[in-house]
Amino acid sequence: MNTPVMLMLSDPVLYIGLGRGLLLTLQISVMSIALSFVFGTIIGSMRYSGLPVLSQIATTYIEFIRNLPTLLLILVSYFVLGLPAMWAATIGLTIYTSAIIAEIIRGGLNSVPEGQWEAARSQGFSFLQSMRYIVLPPSVVKMIPAIVSQFVTAIKDSSFAMAIGAYELMFKGTILAAKYWKPSQIITIYVVISMVYFVINFTISMIARRLQTKLSIGRGSIGS
Amino acid sequence: MTELIAGIGFLQEGPFAIPRWEALFSNIDVLWAGALVTLLVASLGLAMALALGTVIGVMSASHWRIPRAFARVYVEFYQNTPLLIQVFMLYNAIPLIYPGLFIPVIVIGVFGVGMYHGAYIAEVVRAGIQSIGRGQLEAALSQGFTYVGAMRFIIIPQAMRIVLPPLTNQAVNLIKNTSVIAIIAGGDLMYAGDSFAGRYGHYGPTYVVVGLLYFLMCFPLARLTRRLEDRMMAA
Amino acid sequence: MKKSALLVLLALSLVLGAFALAGCGAKEEAAAPETEPAVELPAGAKAIKDAGVLRVGVKADVPNFGLQDAATGEFAGMEIDLAKAIAKRIGIAEDKVKFEAVTAKTRGPLLDNGQLDLVIATFTIKPERLEQWNFSKPYYQDEVGLLVKNSSGIKSLADLNGKTVGVAQGATSHDAVQAEADKAGVKVTFLEFATYPEINAALESGRVDAFSVDKSILSGYLTENSTILPDGFSPQDYGIASKKGTDDLTTFINGMLAEMETNGEMKTLLEKWSLN
């Protein structure tokens, strides 16, 4: 079996190249997911708080950013803010994902009826205790699918970083397609890349689904 | 006034210097042309996503195993792989498999976002249908409705109310995601802006205007989403 | 009540967030070398010496000029050697030369925003570019070429009538091919891509009929199934670019280039990378 595809698949350079690309893809997406979670929670609570200036800042940020393409934010981070490619991708993705997470957090907090707060407080729970034991658990369980789905989107959208020449998985694959230029080889590279993304994202989605089911069962039926 | 402007450093040099703005506005037609392509791809893509999403969504909520399995595979594939690689496949891999078959970039854009967001819309539709409850479907079926008829007249109209906010949200995402065709020289707003910015180095003003145009396209829909969400909360 | 407590929570997260940001933004400060400079360096070169690192933008995908090894990540090529020669003259150790891969589109902005000290990346000296950046005297002359698939039957520019040419965003080849095509009465359309590998993928799939950029760059994409056409247009001089206003650094580099020319070092370098 000496087909072009077999030849390519037996070359370690292919795996080293794609491996390095995957590493950068994960680096960009994991970092922006972590940062977005922090900023998203802050911005989301700011908006939920209804405090005059804070909530207006948060609202403006969310409404503006979530109407812009992620690709544009990555390009701006790179060309206008002048960050190195990897950071530009991370920051661009973080700016966008934070706005979406913020909306999810706000929605989750909003879904908790005011009555629950009052009940908790009347039972002598402090604010943090009410948050910790009464308000957060059901709302977090409700937020899990949306948040995880957004994280999966962040992993997928990190591929836009190829537009600024970051050597992530997509770009590495395209570069390898110049070395392995035969049609069957190029197609194989594309299929391999798709599979890598699929396995990562599908695993994450499955774990999230399990987690949600487990948490919901643990707490009796929550939501519908 | 001129002195005042002369005193503002960032208007004299750097990415936002006045000459860059002038250069952009004397070539603004380039951006209009791109914006038209984006609007075209977005509207056709949205039509396709809605049609596909409804069909796949109904399939995944159905009680027939094969359509349900097919719908599951479709949704999982499209939701778990990047839109960019799907678009690359259509752009570069299709002509390699079928030599001479060059799907026009605009059509790739429509199919790209249509199939990708179709998967998301399918999930929205499925959730909507399932929220109605099995009892209603059974009642309708026992009244002599066919499965399709029950869906058409009983389930879908009710589900619409639940489904509309996330649906408009998907429409906003779809418009934004049409920008990936910039990477395959799609001639859309992002491509036009990027090409202009790259040629002369006027990144600052170009991205500001491109951003504003995307914002103008998305904001009305985003507002509609908010209104629908609020109405649902109130109901 | 609920709101005031929420405010406390917010303040806490803000502080946390600020810490996270500070952690990301922190850059490693290179300690200035203790040794006194052997020769009097101009201010621009001295600033680089004091920083202890020479940051150079190079190509990662141009054989013989700047090529990054897929396995090791090391850069090699004529332009890499030039960067090392400059570092040596400034007094910076070879391992303190930080290479950053750039593209036609990214190299200018990276100089502007101070991420790079120099760009040695098949960067053509052009009048409008001289307005934006400093360029050294040329160290190599190249011309814009066209890469086509053998199966296309395209033998010269004249055969490109009605065809599509793939070019890189921000590169000079768009204008060069357009001018030459106008002269020959040939009508071509252009598609722009962010990177060369993407243009190459479009050439392989038949989306573009020709891939146009400097011949040196095209040589990296040559396969047994493709040819670089004999046509070559608008000879281009490659220069070493730095930020606008760094005149003494440019003079310093020009001095080095002149010296390399006279002592035969340049000739050896070109031979080493089979560029003559």
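How many salt bridges does the rule find across the interface of chain A and chain C? In this predicted model, the count is 0. Polar contact is found there too, in 2 residue pairs, both at pLDDT 80 or more.

The contact draws 38 residues from chain A and 38 residues from chain C. Between them, the two chains bury about 3,200 Å². Carbon and sulfur atoms account for 74% of that area. On the chain A side, F79(A), F127(A) and W181(A) lose the most area to chain C. Together they make up 19% of what that side buries.

Which helices of chain A each supply at least two residues of the side that touches chain C? They are α2 (12–49), α4 (70–79), α6 (114–122), α7 (127–157), α8 (169–179) and α9 (183–218). The largest share, 11 residues, comes from α2(A). By residue class, the side of chain A that touches chain C divides into 31 nonpolar, 4 polar and 3 charged.

Chain C also holds an open sheet of 3 strands. The strand order is β2-β3-β4, and the pairing is antiparallel. β2 (61–62) and β4 (75–76) of chain C each have a single partner strand and stand at the edges, so one side of each is left without a neighbour in the sheet. Strand β3 (residues 66–68) of chain C is joined to β4(C) by 2 bridges. Q68(C) stands opposite F75(C), a residue in β4(C). In general, strands of a sheet pair through backbone hydrogen bonds, either parallel or antiparallel.

Methods. Residues numbered from 1 in each chain as written. Chains lettered and ligands numbered in written order. Predicted model: local features only at pLDDT ≥ 70, side-chain atom pairs only at ≥ 80, totals over all residues. Heavy atoms only, no water. Contact = heavy atoms within 4.5 Å. Buried area = accessible area lost by both parts, 1.4 Å probe. Salt bridge = Lys/Arg side-chain N within 4 Å of Asp/Glu carboxyl O. Polar contact = N/O pair within 3.5 Å; in protein donor to acceptor, adjacent residues only side chain to side chain. Helix = DSSP H or I, 4+ residues; strand = E, 2+ residues; numbered from the N terminus. Nonpolar A, V, L, I, M, F, W, Y, C, P; charged D, E, K, R; others polar. Pairing = 2+ DSSP bridges.
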